[in-house]
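Please read the following report alongside the sequence and the three-dimensional view.

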Amino acid sequence: MSDTPLVPPSSVVLVSGGSRGLGLAIVTDLLDAGVKVAAFARTVTPELAKLADTYPDRVHVGTVDVTDLSAAQAFLRAAEERLGPVDGLVNNAAVGQDSMHTHTSTADIARIVETNLTAPLQLTRLVVRRMLGGGRRGRIVNITSICAQRGFPGLVAYSATKGGMDAATRSLARELGGRVLVNAVAPGFFASEMSAVLGSTQLDQIVRRTPTGHLTEPAEVVPVVRMLLREHTNINGQVIVVDGAASV
Amino acid sequence: MNELSRAHIRDLMSQVLANQGRVLPDDDAADLREIGFRSLDFSELALRVEDATGEELNFDAPGLRRIATVGDVLDFLESLQRQ
């Protein structure tokens, strides 16, 4: 065995887009596991505010648009002052799409790329700089999508950004040399939220083609995220698909 | 904005179908599935309207999914031009 020390389980995790859906489920699950969590979103929902009230010593929440780099930086500093050094990051914030590429405005394409690709790369840079600068090890989990690996109409720009994050996951894992573990979790379509952008015919088709017979639920994704943040597995640079084998 | 009339849009729709050897029925209630007018055909029609007006027509898919008849197509494109 090499002398490279293991990356310890993350104890302070920053979650972007933590106010609803999968992000909120991840925040809740990590808190249940005893982890300190800093979560931001464009809007702090009552659900996230309630978590902050319930765990005042372990939660730091704030209203931040992930594309606002200086706001994200200020949030990170404030979170570290309150909770301690961040040693885990979940890049979850993203915007969806439901429009044919030819009829998606150039402004919308730019917004999707900025939110889903540029912003998480910038946030990752911020967090990694603080981890390395502080002599710490850490873990990063990028929430991507099955769209990064399979084609779906109406999701061209969205798919491109998720594919970009999958690629960045692999390169970051190599670049960070085992000091920071970097992985991605790629859920299939959720019954709610993102799936609202698919037609019922498309959804029925996906369910029929899914061996487990149901669409992915956030509750089925959070244990995988928690494992990547907390367990010693030697998984690094991987994209773990959680879709009931719909894409296999 | 140079807005196309409903009749002009109908004429363009007819051309899209004619290129595929199909005929556009006179009845606005005609079902798009029955005449084989698919989403990409709608896209082609919207791009032809754009060409004629010089204005981009961008829209989300949910509106498109509600379209079922020839009349729906014409209504949708008319309303898009006014946005």
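## A buried strand residue

A:Val141 is buried, with 27 other C-beta atoms within 10 Å; a residue counts as buried if 20 or more other C-beta atoms lie within 10 Å of its own, as exposed if 12 or fewer do, and as partly exposed in between, with C-beta atoms placed from the backbone. This is a predicted model, in which local features need pLDDT of at least 70 and side-chain atom pairs count only at pLDDT 80 or more, whereas totals for chains, interfaces and linings use all residues. Residues are numbered from 1 along each chain as its sequence is written, while chains are lettered from A and ligands numbered from 1 in the order in which they are written.

A:Val141 belongs to strand β5 (residues 138-143) of chain A, where helices (H or I, at least four residues) and strands (E, at least two) are DSSP runs numbered from the N terminus. Not counting residues up to four places away in sequence, A:Val141 touches A:Val90, A:Asn183, A:Val185, A:Val225, A:Leu228 and A:Leu229, contact being defined as C-beta atoms, placed from the backbone, that lie within 7 Å. A:Asp98 is 43 residues from A:Val141 along the chain, and the C-alpha atoms of the two are separated by 25 Å.

## Nonpolar cores

The largest nonpolar core has 64 residues, of which A:Val13, A:Leu14, A:Val27, A:Val37, A:Ala39 and A:Val225 touch the most other members; such a core is a set of buried Ala, Val, Leu, Ile, Met, Phe, Trp, Tyr and Cys residues joined through C-beta atoms within 7 Å. A second, separate core of 14 residues includes A:Met100 together with B:Met13, B:Ala46 and B:Val70.

## Helix packing in chain A

The axes of helix α4 (residues 106-133) and helix α5 (residues 156-175) of chain A come within 9 Å and cross at roughly 15°, the axes being lines fitted to C-alpha atoms, for helices over the stretch in contact, with angles running from 0 to 180 degrees between N-to-C directions. α4(A) and α5(A) are therefore roughly parallel to each other, a description that applies to angles under 35 degrees. The residues of this contact between α4(A) and α5(A) divide into 10 nonpolar, 3 polar and 1 charged, where Ala, Val, Leu, Ile, Met, Phe, Trp, Tyr, Cys and Pro count as nonpolar, Asp, Glu, Lys and Arg as charged, and the others, Gly among them, as polar.

Helix α3 (residues 69-83) of chain A packs against α4(A) at an angle of about 35°, with the axes 11 Å apart. The contact is made by A:Leu69, A:Ala72, A:Gln73 and A:Leu76 of α3(A) and by A:Gln122, A:Leu123, A:Leu126 and A:Val127 of α4(A), and by class it has 6 nonpolar, 2 polar and no charged residues.

## Contact between the chains

In the contact between the chains, 11 residues of chain B meet 9 residues of chain A. On the side of chain B that touches chain A, the elements that give two or more residues are α3 (39-53) and α4 (61-65) of chain B, and the residues of that side divide into 6 nonpolar, 2 polar and 3 charged.

## Positive phi angles

A:Asn234 has a positive phi of about 65° although it is not a glycine, and A:Asn234 is found in the loop between α7 (218-230) and β7 (239-242) of chain A. A:Asn234 is exposed, with 9 other C-beta atoms within 10 Å.

A:Ala245, likewise not a glycine, has a positive phi of about 70° and lies in the segment after β7 of chain A. With 11 C-beta neighbours inside 10 Å, A:Ala245 counts as exposed.

Key. Angles under 35 degrees count as roughly parallel, over 145 as roughly antiparallel, 65 to 115 as roughly perpendicular and the rest as oblique. Two residues are in contact if their C-beta atoms, placed from the backbone, lie within 7 Å.
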